[in-house]
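Keep the viewer open as you read.

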Amino acid sequence: MSGERRASEDWWATSIIEMSPGVIRYRGYPIEELIGRVSFPAMIWLMLRGELPSRAQADLLGTAL
């Protein structure tokens with residue numbers, strides 16, 4: 001069974017999200033630092049570009065959306 005479990009864990013592995021017991025990081029940022037502090041457009045930018053946008057970049061993406 002441990003082989004089956006490891007195979008499913010590998011299937012869910014991504015380079016965007018790091019998850020382990022007590023830890024969730026989104027592109028290297030602890031999720032608790034993002035929730036409630038980063039706008040929806042900024043999260044999309046982070047997901048696509050791998051870095052947080054400047055305020056102007058987030059505003060522009062928000063307008064485009």
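## Ground rules

This is a predicted model, so local features are taken at pLDDT of at least 70 and side-chain atom pairs only at pLDDT 80 or more, while totals for chains, interfaces and linings use all residues. Numbering runs from 1 along each chain as its sequence is written, and side-chain values use heavy atoms, with hydrogens and water left out.

## Overall layout

The chain has four helices and three strands, and reading along the sequence gives α-β-β-β-α-α-α. Both kinds of element are DSSP runs numbered from the N terminus: helices are H or I with at least four residues, strands are E with at least two.

Of the 65 residues in the chain, 15% are buried. Here buried means under 20% relative accessible area, exposed means over 50%, and partly exposed is in between (1.4 Å probe, protein chains only). The accessible surface comes to about 5300 Å², with 59% of that belonging to carbon and sulfur atoms; areas are from the Shrake-Rupley method with a 1.4 Å probe, and for residues only the protein chains shown count as cover. Among contacts with a separation of 6 or more, 7% join residues 24 or more positions apart. A contact is heavy atoms within 4.5 Å.

Strand 1 (residues 17-20) runs antiparallel to strand 2 (residues 23-26), over four bridges. Two strands count as paired if DSSP finds at least two bridges between them. One of the pairs puts Met19 across from Ile24. The hairpin has two residues between the strands, and Gly22 has a positive phi near 80°.

Strand 2 also pairs with strand 3 (residues 29-30), again in the antiparallel sense, over two bridges. In this pairing Arg25 sits opposite Pro30.

## A nonpolar patch

Ile17, Met19 and Ile24 make a nonpolar surface patch, with about 300 Å² of accessible area together. Patch members need over 30% relative accessible area and no salt bridge; like charges are joined within 9 Å, and nonpolar side chains (Val, Leu, Ile, Met, Phe, Trp, Tyr) within 5 Å. A salt bridge is a Lys or Arg side-chain nitrogen within 4 Å of an Asp or Glu carboxyl oxygen. Ile24 itself is partly exposed, at 39% relative accessible area.

Now look at the loop between strand 2 and strand 3, where Arg27 is found. Its phi is near 55°, a positive value in a residue other than glycine. Most residues other than glycine have a negative phi.

How exposed is Arg27? Arg27 counts as partly exposed, at 28% relative accessibility. Leaving aside neighbours within four places in sequence, Arg27 is in contact with Ile16, Leu46, Met47, Leu48 and Gly50. The Arg27 side chain reaches the backbone oxygen of Met47 at 2.6 Å. Arg27 and Ile17 are ten residues apart in sequence, with their C-alpha atoms 6.0 Å apart.

## Helix 3

In helix 3 (residues 40-49), the buried residues are Pro41, Ala42, Ile44, Trp45 and Leu46. They pack against strand 2, strand 3, helix 2 (31-34) and helix 4 (55-64). Just after helix 3 comes Gly50, with a positive phi of about 85°.

Key: A polar contact is a pair of N or O atoms within 3.5 Å; within protein, one must be able to donate a hydrogen and the other to accept it, and residues adjacent in sequence count only if both atoms are side-chain atoms.
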